[in-house]
Amino acid sequence: GRTADIAVAIAKEMRMHQSEIEALETAALLLNIGFAVIDKKQDGNSDSLSQASIVVANIIRKSDEDSRVASIIETHIIPFSGMIDGQPSVNRDMAATILKLASDYELYSRNKETFGLKAVTKILENMQANQYPLEMYDVFVNVMDEYRYKHLKDPIAYSFHMTEGIGNELVA
């Protein structure tokens with residue numbers, strides 16, 4: 001989905017190792033399964049996000065105890081630097097932080113109040129609140145400004161891009 005494509009674009013621009021990019025992409029694709037299991041909508045609620053993430057990570061760990069994908073999913077709910085339940089927390093897992101940024105942007109950009117460019121502004125506010133590192137925000141903005149990633153900006157453009165791609169594959 002779109003979250004995975006955003007995350008992969010950021011990771012590639014940050015020149016992450018290919019195996020990390022693959023684990024990140026898989027984590028982003030599996031993330032929403034947890035919402036189906038807990039029977040809640042992904043609306044940005046941190047409690048629901050935590051529950052869904054833990055469910056998915058537990059499912060993955062049943063077949064691979066040391067799963068990098070499960071680790072990314074579990075860790076992405078932790079801000080880059082901030083407070084959780086009144087305690088300082090730091091997340092230095094770049095793949096997990098990229099997943100958090102991509103997931104946050106995907107949610108904001110399809111929300112009526114933060115649709116389009118307002119979603120980028122919301123990401124900036126989160127970065128200023130230490131949700132993501134400054135260098136990651138800079139890469140994110142460059143990705144969103146780059147022509148080859150124009151389909152990632154909003155859900156409508158992404159849907160059109162995906163539909164266009166499917167149509168082209170059928171003709172070929």
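Author: **Salt bridges and packing**

The chain has 9 helices and 2 strands. Here helices (H or I, at least four residues) and strands (E, at least two) are DSSP runs, numbered from the N terminus. Read from the N terminus, the order of elements is α-α-α-α-α-β-β-α-α-α-α. The model is predicted, so local features need pLDDT of at least 70 and side-chain atom pairs count only at pLDDT 80 or more, while totals for chains, interfaces and linings use all residues. Residues are numbered from 1 along each chain as its sequence is written, and side-chain values use heavy atoms, with hydrogens and water left out.

Of the 172 residues in the chain, 43% are buried. Buried means under 20% relative accessible area, exposed over 50%, and partly exposed in between (1.4 Å probe, protein chains only). Take contacts between residues at least 6 apart in sequence: 53% of them join residues at least 24 apart. A contact means heavy atoms within 4.5 Å.

Now the charged pairs. Side chains of opposite charge can pair when their charged atoms come close. A salt bridge is a side-chain nitrogen of Lys or Arg within 4 Å of a carboxyl oxygen of Asp or Glu. The chain has 9 salt bridges by this rule.

Start with R2 and E106. Their side chains form a salt bridge, at 3.4 Å from N to O. R2 sits in helix α1 (residues 2-13) and E106 in helix α6 (residues 94-110), so the pair ties together parts that are 104 residues apart in sequence. Both R2 and E106 are buried. The pair also belongs to a network: salt bridges link R2, E106 and R110.

Next come R61 and E74. The N to O distance in this salt bridge is 2.6 Å. R61 belongs to helix α4 (residues 46-61) and E74 to helix α5 (residues 68-75), so the bridge ties together parts 13 residues apart in sequence. R61 counts as partly exposed because its relative accessibility is 24%. E74 is partly exposed too, at 28%.

D93 and R68 make another salt bridge, with the closest N and O atoms 2.8 Å apart. This pair links distant parts of the chain: D93 is in the loop between β2 (87-90) and α6, R68 is in helix α5, and the two are 25 residues apart. D93 counts as buried because its relative accessibility is 15%. R68, with a relative accessible area of 28%, is partly exposed.

Go back to α1 and α6, the helices that hold R2 and E106. Their axes are 8 Å apart, and they pack at an angle of about 135°. Axes are lines fitted to C-alpha atoms, for helices over the stretch in contact, and angles run from 0 to 180 degrees between N-to-C directions. Angles under 35 degrees count as roughly parallel, over 145 as roughly antiparallel, 65 to 115 as roughly perpendicular and the rest as oblique. So α1 and α6 are oblique to each other. The crossing of α1 past α6 is right-handed. A crossing is left-handed if the near helix is turned anticlockwise from the far one by less than a right angle, and right-handed if clockwise. On the α1 side, the contact uses R2, T3, I6, A7, I10 and A11. On the α6 side, residues including I98, L101, A102, Y105 and E106 take part.

I10 leads on to the core. The largest nonpolar core has 43 residues, and I10 and F140 touch the most other members. Such a core is a set of buried Ala, Val, Leu, Ile, Met, Phe, Trp, Tyr and Cys residues joined through side-chain atoms within 4.5 Å. Elements giving two or more residues to the core are α1, α2 (18-30), α4, α5, α6, α7 (117-128) and α8 (134-145). α6 supplies the largest share, 8 residues. Setting aside neighbours within four places in sequence, I10 contacts I98, L101, M136, V139, F140 and V143.

The α7 and α8 axes come within 10 Å and cross at roughly 170°. The two helices are therefore roughly antiparallel. V120, I123, L124 and M127 of α7 meet L134, Y137 and F140 of α8. M127 is buried, at 11% relative accessible area. Beyond neighbours within four places in sequence, M127 contacts Y132, P133, L134 and Y137.
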